[in-house]
Amino acid sequence: MKVICAGLPKTGTTSLCRALRILGYSVHDHPEHVVLNLDNYVDIFSGVENDESIFKEMYKNVDAVTDTPACVFWQSIFSQFPDAKVVLSVRDTPEVWTTSVMKTYAYFGKITWYAPGRWYSFLTPYLSKTVAKLRYFYSCVTIFISGCDAMGFDASAPGDPPYGYGKLGFKKVYLDHNAAVKHTVPSNQLLVYNVKEGWGPLCEFLGKEVPEEPFPNENVSHKKSGYVASIHEVLVMDYSLRAEREVKRSLCWMLMTTVTSGIAGYWLVNRHAARSPTLIVGSVADSLKWVSKPLLSIFR
């Protein structure tokens, strides 16, 4: 690990990632974190994994990390790679960052990325382990970025509790996060950097020649580019397909269980028709208990 980019999302992290790759670094950005280390981060967020050395294993063959969730755990990563240089990307003002990140949350609050357009999309968190895992992951990330769990809230009306989230929470997280980085990292290993500054400060800090090509500009508002595009790449192009397969598999199990229950119940009622109602009810109850086991296992 040579470079730890500790800046929060919407501080030009996608442009910075692209710039580092142009300079020859292998970089794990948001898509790589989620695709390659989702299970590790779920374990970290949930407390199953509490040993910081896991980051050394996760990123032992990587030159640089950018964006969430690596920027959330920048200090743990830095403890495992103490010789790495740290780039703290910032915006012009805390208010500029707050407005930008809130637009991004508002955008994602209005879309359904898993099984979009399908009648069963609202069931996917219960029928797909992948979706359940991702929802937990992004809820945890959102708590760190916004100071509250904004995932699933009505992001079209930020600041209107209990369905929104306030600007002051975002601003506090931004200020506290940046202050912690500046206070912790030795000055000779830290660059506080605005991507508007271009190649000069970054290349000087990293000891690299300035490339001939223009500095990348990937951070364009909250539209489907930059950070938003990277999340779409992960969710829509990869995990949504996996989730849809899991949902269809679960629905098939549910259908088979329902049909089996009906057949078993009908057979038992007819078989015991001559017996007392109490015996019939008991037999049907035993049958339903037996055939419901596969159904219940789907939701565990």
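**Sheet, cores and aromatic contacts in a predicted model**

Lysine 85 is placed over the face of phenylalanine 205, at 5.1 Å from the ring centre; a charge is taken to sit over a ring if NZ of Lys or CZ of Arg is within 6 Å of the ring centre and within 35 degrees of the ring normal. Lysine 208 likewise lies over the face of tyrosine 25, here at 4.9 Å from the ring centre. The structure is a predicted model, in which local features need pLDDT of at least 70 and side-chain atom pairs count only at pLDDT 80 or more, while totals for chains, interfaces and linings use all residues. Residues are numbered from 1 along each chain as its sequence is written, and side-chain values use heavy atoms, with hydrogens and water left out.

The chain contains eleven helices and five strands; these elements are DSSP runs numbered from the N terminus, namely helices (H or I, at least four residues) and strands (E, at least two). Of its 300 residues, 48% count as buried, where buried means under 20% relative accessible area, exposed over 50% and partly exposed in between, with a 1.4 Å probe and protein chains only. Contacts are defined by heavy atoms within 4.5 Å. Among the contacts in the chain with a separation of 6 or more, 74% come from residues 24 or more positions apart.

The five strands form an open sheet with parallel pairing, in the order S2-S3-S1-S4-S5; two strands pair if DSSP finds at least two bridges between them. Strand S2 (27–28) and S5 are the edge strands, each of which pairs on one side only. Strand S4 (residues 85–89) is mostly covered, with four of its five residues buried. Strand S1 (residues 3–5) runs parallel to S4 and is joined to it by three bridges, and isoleucine 4 has valine 86 as its bridge partner in S4. Four bridges connect S4 to strand S5 (residues 190–193), again in the parallel sense. In this pairing, valine 86 stands opposite leucine 190, and valine 87 stands opposite leucine 191.

Glutamine 189 is located in the loop between H8 and S5. This residue counts as buried because its relative accessibility is 15%. Polar contacts (pairs of N or O atoms within 3.5 Å; within protein, one must be able to donate a hydrogen and the other to accept it, and residues adjacent in sequence count only if both atoms are side-chain atoms) were also examined. The side chain of glutamine 189 reaches the backbone oxygen of proline 82 at 2.9 Å and the backbone oxygen of alanine 84 at 2.9 Å. When residues up to four places away in sequence are not counted, glutamine 189 touches Phe78, Pro82, Asp83, Ala84, Lys85, Val86 and Phe205.

A nonpolar core is a set of buried Ala, Val, Leu, Ile, Met, Phe, Trp, Tyr and Cys residues joined through side-chain atoms within 4.5 Å. The largest such core has 44 residues, of which Ile4, Tyr41, Phe55, Tyr59, Ile77, Phe137 and Ile145 touch the most other members. At least two residues of this core are supplied by each of helix H2 (30–46), helix H3 (54–58), helix H4 (74–80), S4, helix H5 (94–108), helix H7 (129–146) and helix H8 (167–184). A second, separate core comprises 20 residues, including Cys17, Tyr193, Val195 and Trp199.

Rings of Phe, Tyr and Trp (its six-membered ring) pair if their centres lie within 6.5 Å; planes under 30 degrees apart count as stacked, over 60 as edge-to-face and the rest as tilted. By this rule, 14 aromatic pairs are counted. Tyrosine 41 and phenylalanine 55 form a tilted pair, at 6.2 Å centre to centre and with 55° between the planes. Tyrosine 41 belongs to helix H2 and phenylalanine 55 to helix H3, so the pair ties together parts that are 14 residues apart in sequence. Tyrosine 41 counts as buried at 0% relative accessibility, and phenylalanine 55 counts as buried at 3%. Phenylalanine 137 and tyrosine 138 form an edge-to-face pair, at 4.9 Å centre to centre and with 85° between the planes. Phenylalanine 137 is buried at 0% relative accessibility, and tyrosine 138 is buried with a relative accessible area of 8%. One aromatic cluster is formed by Tyr41, Phe45, Phe55, Phe73, Phe137, Tyr138 and Phe144. Apart from its neighbours within four places in sequence, tyrosine 41 is in contact with His33, Phe55, Met58, Tyr59, Pro69, Ala70, Phe73 and Phe137.
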